[in-house]
Amino acid sequence: MSTPVPSPADRPQPEITFGDVIRAGRKKLKEMRTVFLLLSLIAVAALICAIVPQNGDLQSYSTRYGRFIGRVIVRLGLDHVHMTMWFQLLIAVLLLSLMACSGRLWKEATLRWRIPTAAEASSKLRAGGELSGLVPLAPEQAISAVTPALRKHGYRLHHLEAEGELRLLYVHKRRLSAWGQALVHYAVFLIALGSVMGAIPRLSVDQRVTIMEGDSFRSEDGTIPFAITVDRFTIARDPDSGSVENYYSEVRILSASQEVQRGTISVNRTMRYKGYLISQSDWGLGEAKIEITRSGKSQQHAFPLERGPGIGDDRSMWSVPQKSSALFLPGSHGALVATRFCPDAVRRNGRLYQRSSEYPGTPALSLAYVSGVSGPKPTGGAQRPPTPWVRELGWLLPGEALSLNDGWIRFIGITKYTGLGIRKDVGLPLVWGGFIACIIGLTMIFYFPLRRCVIGFEPRGQGRTALTLSLCGHAGDPADDTNRIWNDMLERSGGKPVAGAATEPDQEESTSA
Amino acid sequence: MPRSRVSFWGTLSNSLPPLEQIDNNIYRAVAFGFPLLTMVIITGAVWAQYVWQRWWSWDPKETASLVTWLVYAGYLHGRRQRQWTGKTSATIVLAGFLALLFTFAGVNFLQSLHSYGVARPSPTGRLLGGFSDVATVEAVITTGCFVCYLLGLLLTLLSTAGGKQTLSKTGFGFAAAGFAGNTIVLIIRAVQAHRLTFTSGYDFSLWFVWGIVLWGQIAYLGRQRFALLGTLPIALLVSMYGYLYFPQKGHVPLPPALQNKLWLHIHVALAIIAYGALALSAGWSLLYLVKHAATRPVAEAAQE
C-alpha cells in the first residue's frame, strides 16, 4: 500500500511569527550590503543637497531649472532634502543598522579583549602558524630568551596552561584598542541621535531675531524665557583693507525685568544663558530717521530701509522700499516720502556723489514732497484734494536740514539692527560626546591598533624547540612590524626561520564577521 | 602584439613593487588619512557651531566632505570586513580622492558658506623691504617649484621605465627643490599676512600641493621610491588649478567668520595633512592600476 505524496501546495507551511520577522529584519540590518546601500543613498541625498540650492521657492527653481524641473524639485522635497520624511527615514534606518552592527562589534571586542584559553590558543596554532622557526634551546630557555624581545616591543605576556608538551604564550599590546571599532560605531550612533533630537521642535529652540539698536526682544509665545536688549551695534573694519573685521552687539539679558547678564556678542564669540546660545548672525540697516519741526513743534519719523535695487539697480544695496511709507503732513494735503537712499555718499561743491554701495559710510537720504495724496480720511466733509504733484526736496546727509514752508526737516541718521541667533539644542551634548568618542575610536583603530599573537614552543629533541607564531590581528591590517619582532626573537634565542611560512595575518575575525 | 609594447609594459611591471605591497601601501595611507579627515570634519563642525550656531548646515562643502568620508569609510569597511583588495579597492580609493578634489575645488562652482574670498592686490615689500615687489618674487619661486615638480615627475617616470636608480635620485632632488621653494613661498606669505594664509583658493592650492609632496617625499625616504611617481601628477594638477582658477596672488582679508585663528589653524592644518596622505593613497592606487594593466599584456605575451 502506497501513501500518497502531498503536493507542495498541500504541505503544511511553517508559521511565520512576529519574532521571525524581527530576527530577519535584524539580520538584514546587520548586513554589510544594507549598510553600503544606506550610506550610498545618504550620499546621493547629500549630493542633491549640495547641487540644488536649499530652501528656495517654486518661482526661484522654475527660473533656474525650468518650470517642469522646478515643480519636480518642490514635489519631491529636493528643496529641503534634510527635512524631508524620506531622508529622516533613511537616517532612522541607518541608526537601527548601526545599533544592530554595534551589538555584533561589542561581542567581537569582548572576544579580542579577553585572554584566550589554552585550548583556543593551541587550536589557533594548529590551524596554521604564520611564522615558524627552530631554536637550539629547551622550551623554558627559549621562552626566557624571547621574553626581552617581546617586552622591548611593548608586548605584555601571558603564560597559558601547557597543552601536553606544547608551551603557549599569548602576547598583546594596546589591549584597550579592542574596543575601537565598537566605539566608533556607537559614536556615529550618538551623533545621528543627537542630530535627530536637535531637529525635534518641542525639544529644541532655533530662532533668529532682529533687534534695532536700543530695542528689546521678548518672545511672544514664551518659548524663550528671557528678553534681550541691544544697546549698541557696531561694525569694525580693518584700517588697511577696509574690509569688515567683525560685528559687535552689546546686549543685556533681562529676566522678569531684571538684568541678569550683560556682554558683547560678536562672530566667533557667543553668549550663554540657561542653556541658550546667543550668537551674532547678521545685521542690517533698519530705518532712516528724520526730524520735522513745524510751527515750533518737533516730531520724529523713520523710513524703513531694505536690501533691493538701489542706485544703478544694485540689488545688494540698501535702499528705501519702492512703496515707502509716507509721512502725512497735517493741513497740507500732502505727504513726505523717502525716494532714494545711499549708504555711503560724499558732498563736493554742493553736489552729492555716491562713494560706495556698502555700509558703514556716510548715509544720504533723498526726500520728496507729494502733494494731493489723501492721508487718513478727513472727517467733517473736507474738500477734495487738488491734483497731485511731486517736488523733489533733495539729498540730505546726517545732520543736514532743508526748509519747509513753515519749518524744516533734518536727517538725523540711520538705525542699524542686529540679527541674533538664539538656539537651544538638546542633542548637542550627544553630538559632542559622539565626536570625542569617534576621534578616540579611530585613533585606537588606526594609530594604536591592538596587536596580539599566540606563540607556541614545542620540544623537538636534542635540546631544540620549534617556535610557531600565529597572529591574531585583523585581516585588513598589514603585518607591520611582525617580521621585525620575529627576527629579534630569533636573534636573541639563536634560532633560524623555517622556510615556507606565510607572513600575512589570519582570516579568523574576518570570517566571523 | 608588437615587441616594443611588451618590452615597455614588461619593464614598467618589473620596476614597480609587487601588487600586494602597493595594496598594503594604499591601505596604510588611507588608514593614516582617514582619522585625520574625520577630525577635519569634526573640527569644522565644532567651529561652525560657534560661528553659524549650527554644527551641520548641509552646505555644499560639508556635504561633499561627508560624501568623501563615506567613500573612504566604505573602502575601510570593505577592506577590514570583506578583505576587499586589488583593483576594486584601488578604484574606490581613487573615487574617494576624486570626491576629495571636488570638496576642495568643485564646491567653488556652487553657492557655499565656504566660498573662497576674492584676493586683493598684494601689499608689496612692506616687510621684506629689500624687494620692490614681493609678489613678483613669489611668482618666480612658485613657477620654479612647478618646473621642479614637472622635472621630478619626468625623471622618476624615466627611471621607472628605464630601471635607472640615478635618475630616480635626481628626480627626488628636483621634487625636494620644488618643495623647498614651495615652503619659502608659504613662509613669505605668512610673514606678510601675519598669519598662515589659508583663506584664498590660491593659498590653499599652495598648501595642498605642499602636503601632497610632503607625504610623497616621506614615503620616498621610507624606501617607497615610487611614491613620487604617484603623487607628483596630483601635485601638478592641483598647482595648475591654483594658478588658472585663482590668478590673483594677493592676500585675502579674513571675513568675520574666519576671525578665529585657533580653529582656523587647527581645521585647515589637519585638512592639509589629511589631504596629503589621501593624495598619497590615490597615487599608490594609480600605480596599482598601472601595474595591474601592465601585468596583463605581459601575461598575454607569455601565452603567445
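User: Which residues is A:Glu259 in contact with, leaving aside its neighbours within four places in sequence?

Analyst: Contact means heavy atoms within 4.5 Å. By that criterion, and with neighbours within four places in sequence left aside, A:Glu259 touches A:Arg252, A:Ile253 and A:Leu254. The model is predicted, so local features need pLDDT of at least 70 and side-chain atom pairs count only at pLDDT 80 or more, while totals for chains, interfaces and linings use all residues. Residues are numbered from 1 along each chain as its sequence is written, chains are lettered from A and ligands numbered from 1 in the order in which they are written, and side-chain values use heavy atoms, with hydrogens and water left out.

User: Where does A:Glu259 lie, and is A:Glu259 buried, exposed or partly exposed?

Analyst: Helices (H or I, at least four residues) and strands (E, at least two) are DSSP runs, numbered from the N terminus. A:Glu259 belongs to strand β8 (residues 258-266) of chain A. Buried means under 20% relative accessible area, exposed over 50%, and partly exposed in between (1.4 Å probe, protein chains only). With 40% relative accessibility, A:Glu259 is therefore partly exposed. Between the C-alpha atoms of A:Glu259 and A:Ile290 there are 32 Å, and the two residues are 31 apart along the chain.

User: How many residues does the largest nonpolar core have?

Analyst: In soluble globular proteins, nonpolar side chains tend to be buried together. A nonpolar core is a set of buried Ala, Val, Leu, Ile, Met, Phe, Trp, Tyr and Cys residues joined through side-chain atoms within 4.5 Å. The largest has 143 residues, and A:Ile290 and A:Leu365 have the most contacts inside it. Helix α2(B) gives the most to this core, with 17 residues. A second, separate core of 21 residues includes A:Ile143, A:Leu169, A:Val171 and A:Leu471.

User: How many bridges join strand β10 to strand β11 of chain A?

Analyst: Two strands pair if DSSP finds at least two bridges between them. Here strands β10 (residues 276-294) and β11 (residues 297-304) of chain A run antiparallel and are joined by eight bridges. A:Glu291 faces A:Gln300 in β11(A). The two strands form a hairpin with two residues between them, and A:Ser295 in the turn has a positive phi of about 50 degrees.

User: How many aromatic pairs are found over all chains?

Analyst: A pair of aromatic rings is described by the distance of the centres and the angle of the planes. Rings of Phe, Tyr and Trp (its six-membered ring) pair if their centres lie within 6.5 Å; planes under 30 degrees apart count as stacked, over 60 as edge-to-face and the rest as tilted. The search of the whole structure finds 26 such pairs over all chains. One of them, A:Phe446 with B:Phe34, is edge-to-face, at 6.3 Å centre to centre with 75 degrees between the planes. This pair joins two chains, because A:Phe446 lies in helix α9 (residues 428-447) of chain A and B:Phe34 in helix α2 (residues 19-52) of chain B.

User: In which helix do B:Phe204 and B:Phe208 lie?

Analyst: Both lie in helix α7 (residues 201-221) of chain B, four residues apart, about one turn of the helix. Helix α7(B) is mostly covered, with 17 of its 21 residues buried. B:Phe204 and B:Phe208 also form one aromatic cluster with B:Phe104, B:Tyr241 and B:Tyr275.
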